[in-house]
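Hello,

Here is the structure for your files.

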Amino acid sequence: MSAVDQVRIVPFEERYRAHVIDLWKRCGLIRPWNDPDRDIDRKLTDRMGIFPLLVTGERVVGSVMASYDGHRGSIYYLSIDPDFRSAGLGQRLMVHCESYLTGLGCPKVNLFVRRGNEVVFRFYEQLGYAEETSVPLGKRLIADD
């Protein structure tokens with residue numbers, strides 16, 4: 001059995017926190033304006049969301065956050081360990097999230113890809129996601145400094 005065959009989906013547990021943050025760093029997801037500990041703390045208050053991880057043994061090799069606000073679903077922080085990329089694990093997490101959201105009656109999901117990240121953009125295109133005409137706007141309400 002290969003290492004990928006041994007990967008299982010588990011819900012986030014506190015014992016994985018440091019491993020998840022390390023994964024996000026290795027995947028280039030951390031930004032100075034987002035404290036990853038605070039992002040995890042905020043996610044843990046989300047009653048309409050999930051925070052599944054991909055784990056092999058005790059090693060976290062993937063993570064994603066998904067939520068539903070009653071109108072749209074959102075997906076954030078999809079990350080796959082660089083050593084495990086191109087093995088279908090990102091798709092596996094996305095199918096898991098889409099199934100969860102569909103089960104809640106969620107009609108549509110939104111996610112963001114940073115400009116210039118063509119590899120990730122193509123990944124989502126292969127899963128049926130497409131760029132839309134809406135432009136996301138944002139405003140920081142609480143600074144993470």
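This is a predicted model. I start with the strand pairing, where I9 stands opposite L54 in β3. That pair belongs to the antiparallel arrangement of β1 (residues 8-11) and β3, which are joined by four bridges.

β3 also pairs with β4 (residues 59-68), again in the antiparallel sense and over four bridges. The hairpin of β3 and β4 has two residues between the strands, and in it G57 takes a positive phi near 65 degrees.

On burial: five of the five residues of β3 (residues 52-56) are buried, so the strand is largely enclosed by the rest of the structure. In a regular strand, side chains alternate between the two faces of the sheet. In β3, P52, L54 and T56 point one way while L53 and V55 point the other way, and all are buried.

Now the helices. The axes of α1 (residues 17-26) and α2 (residues 36-43) come within 10 Å and cross at roughly 120 degrees. Angles of 65 to 115 degrees would count as roughly perpendicular and those over 145 as roughly antiparallel, and α1 and α2 are therefore oblique to each other. Their crossing is right-handed. On the α1 side the contact is made by R17, V20, I21 and W24, and on the α2 side by P36, D37, I40 and D41. By class, this contact of α1 with α2 has five nonpolar and three charged residues, and no polar ones.

Regards

Terms used:
Residues are numbered from 1 along each chain as its sequence is written. This is a predicted model: local features need pLDDT of at least 70, side-chain atom pairs count only at pLDDT 80 or more; totals for chains, interfaces and linings use all residues. Side-chain values use heavy atoms; hydrogens and water are left out. Axes are lines fitted to C-alpha atoms, for helices over the stretch in contact, and angles run from 0 to 180 degrees between N-to-C directions. Angles under 35 degrees count as roughly parallel, over 145 as roughly antiparallel, 65 to 115 as roughly perpendicular and the rest as oblique. A crossing is left-handed if the near helix is turned anticlockwise from the far one by less than a right angle, and right-handed if clockwise. Contact means heavy atoms within 4.5 Å. Ala, Val, Leu, Ile, Met, Phe, Trp, Tyr, Cys and Pro count as nonpolar, Asp, Glu, Lys and Arg as charged, and the others, Gly among them, as polar. Buried means under 20% relative accessible area, exposed over 50%, partly exposed in between (1.4 Å probe, protein chains only). Two strands pair if DSSP finds at least two bridges between them.
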